[in-house]
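Student: I'm new to this one and would like a close look at a single part. Could you walk me through a chain and how its pieces sit together?

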Amino acid sequence: MKSRYGWIGLSCAAILVFTACGKPASKGNEASAAASTLSGKITIDGSSTVLPISEALAEEFQKQHPQVEVTVGRSGTGGGFKKFANGEIDITGASRPIREEEDAQCKKNGIEYIEIPIAYDAMAVVVNPQNTWCDTLTVAELKKIWEPAAQGKITNWSQVRPGFPNERLVLFGAGTDSGTFDYFTAAIVGKEKASRGDYTASEDDDILVQGVARNKGALGYFGLAYYENNQDKLKLVAIDNGNGPVKPSRETVLDGTYQPLARPLFLYVNVKALERPEVAEFIKFALAHAGKLAEEVGYVGLPEQVYELVSHRVERRITGSAFGAHGSQTGVKLEDLYKIEEASEKGAE
Amino acid sequence: MIQVVSRPEWRAREYRREQIFQLVGALIVLFALTTLVVLLTKILLDGFARLNPEFFTSFPSRRASQAGVLPALVGSAYLLLLTAAIAIPVGVGAAIYLEEFAKRNWFTRVVEINITNLAGVPSVIYGLLGLQVFVRTLHMERSLLAGACTMALLALPVIITAAREGLRTVPKSLRYGSLALGATQWQTVRYTVLPVAMPSILTGVILALSRVVGETAPLLVVGAVVYISKLPDSLFSSFTVLPVQIYNWTTRPQHAFQENAAAGIIVLLALLLTMNALAIYLRNRYQKRLPI
């Protein structure tokens, strides 16, 4: 029996060591922000795409308000909305606008929300560097490749465009649970979740990068940040939406020419939670710093104007989705969308 | 009468067969070991540079070079202790009851079948069960306690099965001897059977807990968070654990986070190896002390 107690003692000692190690870090935080008196807890969950931004926001917010505890989970966009609609979390991150059934669930549980766009994410369509024939693809060609009808039929590059060589087409794409999948299918095929099934699907973008890098005939899509971090292994394809081929970049995303594969990312905040000063402060902080922090973690910040328009919405507690709770939509410029909302709100008053 | 077959050509053939079998066996072992060595080497090369003291004392960060495993490591340690505190008494108790006290009837048979089946249920199912029962119905929220209760459920079938096996290896003669000397059934279990069965019970318990340390899926479902800025200070605190932290890092596009993930894997491996070593140590220690 003696050694069993020894084991427990050992574990307790280990924990003491861990907790002791933790103290210097929190002391450092306290020193850097003595003025803040805010306290409480903010729970964030949702999309894994939005997670790096939420994490960066939480990290910086905490430096100013060390008494506030911010936790960020990753349940995915859909999973996040489920918890949000149940009132289990204060804020959820989403890589697409809320859907009708999710909105209905919120209404049923008496949860009102404010929609806050915080950054743009561009999706990159990539091929293998040895691919010499394909520099651009039109949206119609992408649709031909990815629509459900293509399953088992479009299996060779020569079928995509006359003149393309006889090379097997190997496809890599997002897993069906991700917001990336929802958005890509909506933007390219025209219907959310409508896609062929015979491709390598993974939630782990690194697997997709490796797959495209190893197959000469590969074509894949994922977040632009993954292309930027693997430029030596991949070749970027310019997308032609009828106005000439455009490659994704900060500029083409912001001026709206990289369409339809640039999408806004959102935070949805529970209005009741927003009455708590720490949550209100966090949202204010997010709108002030999301642009810069988003760029730092590999996304594109929104134009200042959008953050201002959204701040007004938050101040005036304008609830609901500017997208009419219809899920993914493409070709929308946020500044126009939220301006129209502002105007109609003013008209109504 | 037994006729011994000793025709030389037969023996030569059998001998060749045996050689081929040995060769195939050796190749399989070699293949498995090479894969393991390659994986471990890659992890060590990728992650070793990140294993500085700050890595153990820092919170997660968007800057890979400043991110650390502190809350994950502490979370894993707390979760482990809490799970052990729940699962060991219940599991060992159940095993003792089923093996030593319960009459064999339809009820115990149903319980037994269920325990065996539960050991094969995918862990994410336990996560969903935990989410509904502990998080929602019992209002534990997404807390350390809810996580530990879920993980205890996951560990219970393994612990019960291992403990029963351990109790079964104790010779009947020891029990009879104890009872014949006038000990009650409880005294027999407490002072005769348990000490003898302890090594295998402990081994089972520690192996079950090792599995708990390595689990990701059920904890993600129950609500382990991926970013946290405070260490858990009560049973109802939010928490994160090493596998969840590693999983989160592996899904980031920046290569620096992959190195963090590799370093995290080294820490997790070290923790698991320590636990297994502890299991072996405890088993040997008990076995030596027993006068059988």
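This is a predicted model: local features need pLDDT of at least 70, side-chain atom pairs count only at pLDDT 80 or more; totals for chains, interfaces and linings use all residues.

Tutor: Chain B splits into two stretches: domain 1 covers 8–50, and domain 2 covers 55–287. Where they meet, domain 1 of chain B puts in six residues, while domain 2 of chain B puts in eight residues. On the domain 1 side of that contact you'll find three nonpolar residues, one polar and two charged.

Now pick out Tyr15(B), which sits in helix α1 (residues 8–47) of chain B. Tyr15(B) has 10 C-beta neighbours inside 10 Å, so it counts as exposed, given that the cut-off for exposed is 12 or fewer.

Next comes the core. The largest nonpolar core holds 168 residues, and those with the most contacts inside it include Ala155(B) and Ile159(B), along with Ile53(A), Ile118(A) and Val269(A) from chain A. The biggest giver to this core is helix α6 (residues 144–168) of chain B, with 17 residues. As for Val269(A), leaving aside residues up to four places away in sequence, its contacts include Asp90(A), Tyr113(A), Leu274(A) and Ile283(A).

Technical notes: Residues are numbered from 1 along each chain as its sequence is written. Chains are lettered from A and ligands numbered from 1 in the order in which they are written. A nonpolar core is a set of buried Ala, Val, Leu, Ile, Met, Phe, Trp, Tyr and Cys residues joined through C-beta atoms within 7 Å. A residue is buried if 20 or more other C-beta atoms lie within 10 Å of its own, exposed if 12 or fewer, and partly exposed in between; C-beta atoms are placed from the backbone. Helices (H or I, at least four residues) and strands (E, at least two) are DSSP runs, numbered from the N terminus. Two residues are in contact if their C-beta atoms, placed from the backbone, lie within 7 Å. Domain bounds come from an automatic or database domain assignment. Ala, Val, Leu, Ile, Met, Phe, Trp, Tyr, Cys and Pro count as nonpolar, Asp, Glu, Lys and Arg as charged, and the others, Gly among them, as polar.
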